[in-house]
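Here is a friendly walk through one protein model. Please keep the viewer open as you read.

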Amino acid sequence: MRRRPILRATAMAALLVAGGTYAIASLDFCGPWPVEEPAVLGAGAARGKLRAGAARVELSPPFPVVAAGYPPPRSVADRAEHPLHARALVLEAESVRVGLVSLDLLSVPAPLAEEIRSRVSALGLADLWVSATHTHSSFGGYDARLVSEL
């Protein structure tokens, strides 16, 4: 007969621990976000014909790789079910030329974006946007900061 109160106490303690853990994990550790009005950082205008050029290349991960976007234990992929790509688009009208790059990755680390920007500097782009498709079926994409990893 004494087992039931012990089981109830254990269940209540487990519930309190789970609730406390959830409450702590729900706290905003990022701090306040500054409220700022949107600002135009650059602008361009052109008339005439719009020219476009596009490319797509397949990404070849060095298998086996850790699959992106999943919590520990990290899953490892030894093959790709569907190919991953990097896509680029350059739009030009008169002297205004902009580029868009999309990578089938979870996120684009800053060093990778800077490497892409340095490699296309000879194109004379007014601006270049580098983005990720945020696929959880790709490789890499982890943030080295501890809070982000958690």
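## Ground rules

This is a predicted model, in which local features need pLDDT of at least 70, side-chain atom pairs count only at pLDDT 80 or more, and totals for chains, interfaces and linings use all residues. Residues are numbered from 1 along each chain as its sequence is written, and side-chain values use heavy atoms, with hydrogens and water left out.

## The chain as a whole

You will find three helices and six strands in the protein chain; helices (H or I, at least four residues) and strands (E, at least two) are DSSP runs, numbered from the N terminus. Along the sequence, their pattern reads α-β-β-β-β-β-α-β-α.

The protein chain has 150 residues, and 13% of them count as buried. Buried means under 20% relative accessible area, exposed over 50%, and partly exposed in between, with a 1.4 Å probe and protein chains only. Among contacts in the protein chain with a separation of 6 or more, 68% come from residues 24 or more positions apart; a contact means heavy atoms within 4.5 Å.

Four strands make an open sheet in the order 1-4-5-6, with mixed pairing. Two strands pair if DSSP finds at least two bridges between them. Strand 1 (50-59) and strand 6 (127-132) are the edges: each has a single partner strand, so one side of each lacks a neighbour in the sheet. From one strand to the next, the twist averages 10°.

Strand 1 and strand 4 (residues 84-93) run antiparallel and are joined by 10 bridges. Across this pairing, L59 stands opposite L84, and R56 stands opposite R87. Strand 4 is also antiparallel to strand 5, with eight bridges between them, and here A86 faces L103.

Which strands does helix 2 touch? Helix 2 (residues 110-119) packs on the sheet against strand 5 (96-103) and strand 6, and its direction makes about 140° with that of strand 6. Axes are lines fitted to C-alpha atoms, for helices over the stretch in contact, and angles run from 0 to 180 degrees between N-to-C directions.

L112 belongs to helix 2. With a relative accessible area of 32%, L112 is partly exposed. Not counting residues up to four places away in sequence, L112 touches L103 and L105. L112 and V130 are 18 residues apart in sequence, and their C-alpha atoms are 9.4 Å apart in space.

## H85 in strand 4

Is H85 buried or exposed? This strand 4 residue counts as buried, because its relative accessibility is 10%. Leaving aside residues up to four places away in sequence, H85 touches R56, V57, E58, L59, S102, L103 and D104.

## The largest pocket

The largest pocket holds about 310 Å³ of space. A pocket is an open set of points on a 1 Å grid over the protein atoms alone, where a 1.4 Å probe fits and protein lies on both sides within 12 Å along at least five of seven lines; lining residues have an atom within 4 Å of a point. A volume is the space filled by probe spheres set on the points.

Its lining has 17 residues, with R79, A80, E81, S137 and S138 nearest the centre. The lining divides into nine nonpolar, four polar and four charged residues. Ala, Val, Leu, Ile, Met, Phe, Trp, Tyr, Cys and Pro count as nonpolar, Asp, Glu, Lys and Arg as charged, and the others, Gly among them, as polar.
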